Each structure stands twice: as C-alpha cells, then as structure tokens.
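Good morning, everyone, and thank you for making time for this.

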Amino acid sequence: MKKLGFGLMRLPLLDADDPKSIDLETVKSMVDRFLERGFTYFDTAYAYHQGMSEITARRALVERHPRDSFLLADKMPAFLVKGPEDYPRIFAEQLEKCGVEYFDYYLLHNLGAKTFAESARWGGFEFLMKMKREGRARHVGFSFHDTPELLERILTEYPDMEFVQLQINYADWENATIQSRRCYEVARAHGKPVIVMEPVKGGSLARVPEAAEAIFEACASGHSPASWAVRYAASLEGVMMVLSGMSNPEQLEENTGFMADFQPLSAAEQEAVGRVAKIMNDSIAIACTGCAYCVDGCPKHIPIPKDFALFNDQSRFRLMPSHTVYYNNLVAQGHGRAGDCIACGQCESHCPQHLPIIERLRDVSAVFDAKD
C-alpha cells in the first residue's frame, strides 16, 4: 500500500464561499487519476464539507470503481454523539451516504479530553469493536488532538484500537500545544501504526518564506515545499499513511508524482527541514489549519479560518490595505466581523489546535475593524 492517502476534506468547489458546492466532475477525474497511479486510500468524515464529503465519496469513488480496488476510511463524529443510541444511527447513515457495506478503516473522530470521556461513558470503543466483529469496520482506531498523557491513557485502557491518526508536520513536531513528537512516541511505544493528518499544516507549509525556500533549494533543488512536508511525515518509522487534502488536479499530480516511488529524507534533508521549521514557526502569527470545525454553530457567523488566514498573510507579508478589502468582502457576503464575537466559547471547544480563538479574534478585529 502506497503511503499517500487522499483526504476528502478540502475538495475543489464551484463556489469558494460554499463548502457544500463540491465540483464533482473535477473530483471524479482526481479520484480516477489517484487510482490510476497506484494509490488506494481515501479518507472522509461525517463533518467534512458540511456533510457532503461522504456523499461525494460515493458518487466519485464507490459508484464508479470496484469495491476491492480502494480502501475507504470514515469517522464517527464523537463531538456530535449525545448518547449510546447515536452510534448505530450515525454509522448506518454513513454507510448509506458512502454507498458501502463496510469501511476498511473506521475511527472515533477528534478525541480529546471531553470527547474521550464521553466515548468511554457511552461505549464508543465497544461499538467500534462490535462493528469490527460484524465485518462492517475492518480496522478500528481513532484520530487524536490532545496531550501525550491522554493518548497514553487511551491506548492503555483500550489496547484493541489498531491505529492512531495524529497531526504531524515539521512545524508542529516540537509545538508545545500540538506536541506531535511526544504523541508520536506514545503511539510507537504501544506498537500502533500511525496515520498522519495535516502534514502540510492546512497548506501553510506549501508556501514558505524565501529564506526557507532557499534552504530547501540548496539542499536538494527542484522539490516543492509541499513535497518536503509530506516526505518528512512519511519518513517517520511506523507511519503507515500520510493524508493530503488535495484541492485541485495539480496538487494531486504533484503529490502522487513524488510519492509514487517514495524516498525517505536523508540526514542532510532532515537537517534542512529543522532549519526551515524554525523559520516557519517564527513567521506564523496564528497556527490555524483551516479545518473549519470552529465555524459550525458560531452565533455570529464569523468566518474564523478565513479571518485568521488574512491576518497571517497581513502579518507576514504586510498585504494591507488589499486584505482589508477581502475582509470587508466577507462581511458584505453576510459573515460576521471578528469584532462581533460574543466570547461564547463554542469555537474553542471544537478547535483541534486548541487555539485561543476568542483572543485571536480580538487581534484580527484590532487590524481589520479599526476605523480610520
């Protein structure tokens, strides 16, 4: 099994402001090309594209290719489960939306302190094992966004979980909040294969400062920043799959190109990545990956990831006043201003990066809501 997986999370859109408006024909061509180049792993989730990712997986993949020609992963939205009765209901809905009788890989999605406690209380882990016994989930595990101490507890209490999906990239390897390295080490100590998510950190590592790009070029010319990021994650021992949320055919062509005959990073390349990691961590103001989990349910309809992206670009590249125009365009489309935040906290409870979103929105507001 080749190590690159197609994450159906950032699919091409017909309307950039509507995550449900997936460009199905483009996705079909991307799926076909992905399989044609020998890659087989597809990753979807209940919440991706506001519920449309699973349906797109059915239309672009399941209905058009033999079931034994691909591997499909899906996830139980632990953050939406309110009681044990929700597990069979949601799972049945997912099977129907995807058009399959079983999932090759099935995960409890986005476990943290709260969702782990609820999953343990309501029998989420037992439900996954039941689905495995019945042949409706061939491999079971969980995705994780929390401390290595909590990961240690989960793997100790539920050793039947077969794999762990972790956020790993060179910028987050030593991050004090994400703690990629320490979580990875816990998973490996328990002998669990690792699936990597966010290897390019929501696209942040695909666009690096000139100084960082120069380091990469001096070490090994002709390779894109994104390829360095994906290869870094894939080079780690015990990593079975690296997911990439590819948004257009060009990204798919590039990723499948350098991963078709994957070569781990050399010692010199590892050293170059370490130097670039320092530059990147010094340049990103808000470490948002753009997953948009924070947006659903925002009472003020604030486009938080888009505001943060504008703020990061402004901070790094001084793109004012042009970015003020983009910010005001979002407001004109019916989105709330950063300054409209009422500090309800629902966004922070859903953020896999554990960002102080309320505080950061105040920073955004200070720049973009400021009056002349």
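I will go from the whole chain to a few of its elements and then to single residues.

Please keep in mind throughout that what you see is a predicted model. The protein chain has 15 helices and eight strands, and along its principal axes the C-alpha trace spans about 65 × 50 × 45 Å. For 372 residues, a compact globule would have a radius of gyration near 21 Å, and the 20 Å of the protein chain agrees with that. Of those 372 residues, 53% count as buried, while the chain exposes about 15,700 Å², of which carbon and sulfur atoms supply 52%. If we take the contacts between residues at least 6 apart in sequence, 75% of them join residues at least 24 apart.

Let me turn to the strand β6, and ask how many of its five residues are buried. Five of the five are, so β6 is largely enclosed by the rest of the structure. Both of its faces are covered, with Phe163, Gln165 and Gln167 buried on one side and Val164 and Leu166 buried on the other. Strand β6 runs parallel to β5, and four bridges join the two; in one of these pairings, Phe163 of β6 is the bridge partner of Gly141.

Next comes the helix α6, residues 148–157, in which Pro148, Leu150, Leu151, Ile154 and Leu155 are buried. These residues cover an arc of only 155 degrees around the axis, which puts them on the same side of α6. As a reminder, an α-helix has 3.6 residues a turn, so residues three or four places apart point the same way. The cover over the buried residues of α6 includes the strands β4, β5 and β6, as well as the helices α4, α5 and α7.

Just after α4, Gly123 takes a positive phi of about 85 degrees.

Now to a loop residue, Glu198, which lies between β7 and α8. Is Glu198 buried or exposed? Its relative accessible area is 11%, and because the cut-off for buried is under 20%, Glu198 counts as buried. The side chain of Glu198 makes a polar contact with the side chain of Thr289, at 3.5 Å. Leaving aside neighbours within four places in sequence, Glu198 is in contact with Met9, Arg10, Gln167, Ile168, Asn169 and Thr289, and Gln167 is one of the buried residues we met in β6.

Ala343, found in the loop between α13 and α14, has a phi near 60 degrees, and with a relative accessible area of 41% Ala343 is partly exposed. His354, in the loop between α14 and α15, has a phi near 55 degrees, and at 37% relative accessibility His354 also counts as partly exposed.

Terms used
Residues numbered from 1 in each chain as written. Predicted model: local features only at pLDDT ≥ 70, side-chain atom pairs only at ≥ 80, totals over all residues. Heavy atoms only, no water. Buried < 20%, exposed > 50% of the residue type's maximum accessible area, 1.4 Å probe, protein only. Polar contact = N/O pair within 3.5 Å; in protein donor to acceptor, adjacent residues only side chain to side chain. Contact = heavy atoms within 4.5 Å. Arc of directions from axis to C-beta. Rg over C-alpha atoms; globule rule 2.2 N^0.38 Å. Areas by Shrake-Rupley, 256 points an atom, 1.4 Å probe, with all protein chains shown as cover. Pairing = 2+ DSSP bridges.
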